[in-house]
Every structure is written in C-alpha cells, then in structure tokens.
Amino acid sequence: MTTLKKGDQAPHFSALDQDGNSHQLTDYKGKKLVVFFYPKANTPGCTAEACDLRDNFQRFQANNYALLGVSADVAKAQAKFKEKYDFPFPLLADEDKSVIQAFGVWGPKKFMGKEYDGIHRTTFVIDENGIIEDVISEVKTKDHASQILK
C-alpha cells in the first residue's frame, strides 16, 4: 500500500459515478475536495458515514468543498445507495479499483479473525491546487464531518 501523506500531490484519477458521469481530479481545481473511500454501499458503517456527510453538506458547500464517495461497488449499487439516502454528492463506482489503488487504500484487513483484501475506510482532503491537506484513517463514521471541518 502506498502511503500518501499531508503535503503530497493527490494522484490524478478518473472514474465514473453512479450515473456514468466522469470525474477527475482536474475537475475540482479551485475547490477543496473530500474523497472518502468506504468498503461497501449500504452497509451500516458506510451508511452512517455518508449520512453524516450529507447532513453537513451545507457546511461543506459554504466552505468551498466538493465531496466524492468511492468504493468498488458497481454503478447500480452506488445509484441505489445514493437514491435511498438522498446523497447530494456523487459516488464513484471504482470497479477496476484504479482510484482505490492510486490512493493506496486497498490492502489486507481483518474481520472476525479472517484476513482478506479490501478497502480501508480512509478520507483524503485535497486543497484547491491538488495537494493533500489531510488524511483521515481513523474515521468516526457518525461524526465524520467534524473530523474534516475542524
């Protein structure tokens, strides 16, 4: 796993969201971008995290932030997730894991004693010039917005 840290240039990425629209890093120049990686759409932790971000969306907008959620789910699953909870931000369907790999959040995980490869719940805050301002790996799913908007 590559370890991106504060001060690093964010990796260039390009991926499609739940509606098939393309998103790339350059689209967000001049805005702060929050890229949050989550293991799976519609699971309890991911839902709590994304709902907390949704509930604080006005605060993000007021501070010139854009948000992008990313998981390896197929577009259809992302679309259902977005629709069900009315998320005001796009969810990238990174099925080939190109964005996940570029940010280095894919790797070994442990769950109930089993080890497997998966997405590490990690959030990257990228400044207006594409530089990583913060990396949050200890995500508090129910209080994630305040971790970002400190």
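This is a predicted model: local features need pLDDT of at least 70, side-chain atom pairs count only at pLDDT 80 or more; totals for chains, interfaces and linings use all residues.
Figure 1. Strand S6 covers residues 106–111 and runs antiparallel to S7, to which six bridges join it. Tyr116 belongs to strand S7, residues 114–119. The relative accessibility of Tyr116 is 36%, so this residue counts as partly exposed.

Figure 2. Two residues separate S6 from S7 in the hairpin, and Met112 is in the turn. Most residues other than glycine have a negative phi. Met112 is not a glycine, yet its phi is positive, at about 50°. With a relative accessible area of 73%, Met112 is exposed. Phe111, Met112 and Tyr116 make a nonpolar surface patch of about 390 Å².

**Figure 3. The open five-stranded sheet.** The strand order is S5-S4-S3-S8-S9, and the pairing is mixed. From one strand to the next, the twist averages 20°.

**Figure 4. Strands S4 and S5 with helix H3.** Strand S4 (residues 65–71) and S5 run parallel and are joined by three bridges. Ser71 stands opposite Ala93, a residue of S5. Across S4 and S5 lies helix H3, residues 75–85, which runs at about 165° to S5.

**Figure 5. The loop residue Asn64.** Asn64 is located in the loop that connects helix H2 (57–62) with S4. The phi of Asn64 is positive, at about 65°, although this residue is not a glycine. Its relative accessibility of 28% places Asn64 in the partly exposed class.

Figure 6. Glu49 is part of helix H1, residues 44–55. The relative accessible area of Glu49 is 0%, so the residue is buried. Apart from neighbours within four places in sequence, the contacts of Glu49 are Phe36, Tyr38, Arg121, Thr123, Val139, Thr141 and His144. Side chains of opposite charge can pair when their charged atoms come close. Here the side chains of Arg121 and Glu49 form a salt bridge with an N to O distance of 2.7 Å. Because Arg121 lies in the loop between S7 and strand S8 (122–126) and Glu49 in helix H1, the pair ties together parts that are 72 residues apart in sequence. Arg121 and Glu49 are both buried.

**Figure 7. The salt bridge between Asp134 and Lys150.** The structure as a whole has seven salt bridges. In one of them, the side chains of Asp134 and Lys150 meet at 2.5 Å, N to O. Asp134 lies in strand S9 and Lys150 in the segment after helix H5 (144–148), so parts 16 residues apart in sequence are tied together by the pair. Asp134 counts as buried because its relative accessibility, 19%, is under the cut-off of 20%. Lys150 counts as exposed, with a relative accessibility of 73%.

**Figure 8. The salt bridge between Asp55 and Arg54.** The closest N and O atoms of Asp55 and Arg54 are 2.9 Å apart in this salt bridge. Asp55 is exposed, its relative accessible area being 56%. Arg54 is partly exposed, its relative accessible area being 26%.

How values were computed: Residues are numbered from 1 along each chain as its sequence is written. Side-chain values use heavy atoms; hydrogens and water are left out. Patches are made of residues with over 30% relative accessible area and no salt bridge: like charges are joined within 9 Å, nonpolar side chains (Val, Leu, Ile, Met, Phe, Trp, Tyr) within 5 Å. Accessible areas come from the Shrake-Rupley method with a 1.4 Å probe; for residues, only the protein chains shown count as cover. A salt bridge is a side-chain nitrogen of Lys or Arg within 4 Å of a carboxyl oxygen of Asp or Glu. Helices (H or I, at least four residues) and strands (E, at least two) are DSSP runs, numbered from the N terminus. Buried means under 20% relative accessible area, exposed over 50%, partly exposed in between (1.4 Å probe, protein chains only). Two strands pair if DSSP finds at least two bridges between them. Axes are lines fitted to C-alpha atoms, for helices over the stretch in contact, and angles run from 0 to 180 degrees between N-to-C directions. Contact means heavy atoms within 4.5 Å.
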